[in-house]
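Below is a set of questions and answers on a single model. Each answer is meant to be read with the structure open.

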Amino acid sequence: MAAAAGALLPGDGIVIAGKLYSGVALTLDTCLLPHERVHCSPSRAHGLSARTEEQLRNRMCEMIQSAGILLGLPQVAMATAQILFHRFFYCKSFVRYCAETVAMACLQLASKIEEEPRRVRDVLNIFHHLRDAAGDRCRGPMLLDDSYVSRKSDVIKAERRVLKELGFCVHVKHPHKVIVMYLQVLECEKNTRLLQLSWNYMNDSLRTDVFLRFSAETVACACIFLSARVLQIPLPDRPPWFLLFGASEEDLMEISGCVVRLYTLQCESLAALLQKVEEMRSVLDAQYNTSKQAGLVSGTETPTDGFSPASKAASPAENQKNHDSPLSRLALKNACRKITRDGRKRLSRSDERRCDRCVPSPPRRRRSRSVSSPSPGHTHSHRQQRSERERARRKPYSTHRR
């Protein structure tokens, strides 16, 4: 048994002291999206079309990028926020969660991860400015009213929700340094056009889900591959240069197709996309109310998404403690005093102490340290007391002389 302690069983868990515990593996490989999950996201399960979901991801990531620039964040923080946004909405649906609130929460969380924190008020004002600029309206910062307090609370709650759904696994590996290193290996680091175009393609690919489906090294190879094709720069092909970095030609072609599709995609306005989401949310709420009236859904149950743990109906009755109110404790104390006063039964000291513990003692009044001027009557009585003490002190001596 001692030899089996701490042994890792693949697929089963960990055996510690003869007991089997489930194992948890937090690596960057587990953050990659399986192929079967790409076409069955929670948003599509709720009736949202694939085109609308793709445009929503594109628009919100563009807003995150613009907000990060206005906030003065480094590019790494903006890239982390966009990847966290994609990860969250492959766990939850656009229909059930506000995309703009989650985008603000992801940007706020990414600024903390990359050690460039920003205030929540600044993030709210920047998104408020971008929303007004998109509608050709010029307004000032948000007023500190009830709506601001409510929106700030929503962003903080959304940040906690993102952490919970991602299991606090928020580490992201970016291909920025990888692109520079690969170009140095290919002896093309002095070609500034190739380097800059590869960097631009990598930043634009953050609007897609390629960082959730492929590793950072494969995405870096795809950006270099696409830039070399556009600039018509020959790279080693016998053997192909990307095999040196562990990438395949099929993956490079797929990533390049996703990036090129961004420039040909005709996106609708953000207001129109959010209107479609609101219509789908109304349809789902109507279906839920109909099923609730038919008795298919219990009245106390909260509808959850596919990956959220279901809430418990009620807590066990035996675990709920019945706490006495202060009035009942005071009644118990008065009853104990009455019994002692009538003489019918004398309580022991332990019972009296128990009764004293039940009743909270009144708070003591703190004495003020400020010195106030005494009143004339108080001064006169103080002088009389002093004179009486002086007479009492002299009285024995006068008797002894007589």
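Q: Which residue meets K164 in a salt bridge?
A: This is a predicted model, in which local features need pLDDT of at least 70, side-chain atom pairs count only at pLDDT 80 or more, and totals for chains, interfaces and linings use all residues. Residues are numbered from 1 along each chain as its sequence is written, and side-chain values use heavy atoms, with hydrogens and water left out. A salt bridge requires a side-chain nitrogen of Lys or Arg within 4 Å of a carboxyl oxygen of Asp or Glu. At 3.6 Å from N to O, the side chain of K164 pairs with that of E165.

Q: Is E165 buried or exposed?
A: Buried means under 20% relative accessible area, exposed means over 50%, and partly exposed is in between (1.4 Å probe, protein chains only). K164, at 42% relative accessibility, is therefore partly exposed. E165 has a relative accessibility of 13%, so E165 counts as buried.

Q: How far apart are N and O in the salt bridge between R161 and E165?
A: Both residues belong to helix 7 (residues 146-165), where they are four residues apart, about one turn of the helix. Helices here are DSSP runs of H or I with at least four residues, numbered from the N terminus (strands are E runs of at least two). R161 counts as partly exposed because its relative accessibility is 24%. The N to O distance between the R161 and E165 side chains is 3.2 Å.

Q: How many salt bridges does the structure hold?
A: One of them joins E278 and R281, with the closest N and O atoms 2.5 Å apart. These two residues are three apart in helix 13 (residues 270-293), so about one helical turn separates them. E278 is partly exposed because its relative accessibility is 38%. The structure's total of salt bridges is 18.

Q: Which residues is V102 in contact with, leaving aside neighbours within four places in sequence?
A: Contact means heavy atoms within 4.5 Å. V102 is among the core members that touch the most others. With those sequence neighbours left aside, the contacts of V102 are F85, F88, F89, Y97 and V162.

Q: At what angle do helix 5 and helix 7 pack?
A: Axes are lines fitted to C-alpha atoms, for helices over the stretch in contact, and angles run from 0 to 180 degrees between N-to-C directions. Angles under 35 degrees count as roughly parallel, over 145 as roughly antiparallel, 65 to 115 as roughly perpendicular and the rest as oblique. Helix 5 and helix 7 therefore count as roughly perpendicular. Their axes are 8 Å apart, and the packing angle is about 70°.

Q: Is the crossing of helix 3 and helix 13 left-handed or right-handed?
A: Helix 3 and helix 13 pack at about 130° with axes 10 Å apart, so helix 3 is oblique to helix 13. A crossing is left-handed if the near helix is turned anticlockwise from the far one by less than a right angle, and right-handed if clockwise. The crossing of helix 3 and helix 13 is left-handed.

Q: What is the omega of the cis peptide bond between R238 and P239?
A: Most residues other than glycine have a negative phi, and most peptide bonds are trans. P239 sits in the loop between helix 11 (216-231) and helix 12 (249-264). The bond from R238 to P239 is cis, with an omega of about -5°.

Q: What is the phi of Q232?
A: Q232 lies in the loop between helix 11 and helix 12. With a relative accessible area of 70%, Q232 is exposed. Q232 is not a glycine, yet its phi is positive, at about 55°.

Note on methods
Core = buried A, V, L, I, M, F, W, Y, C linked by side-chain atoms within 4.5 Å.
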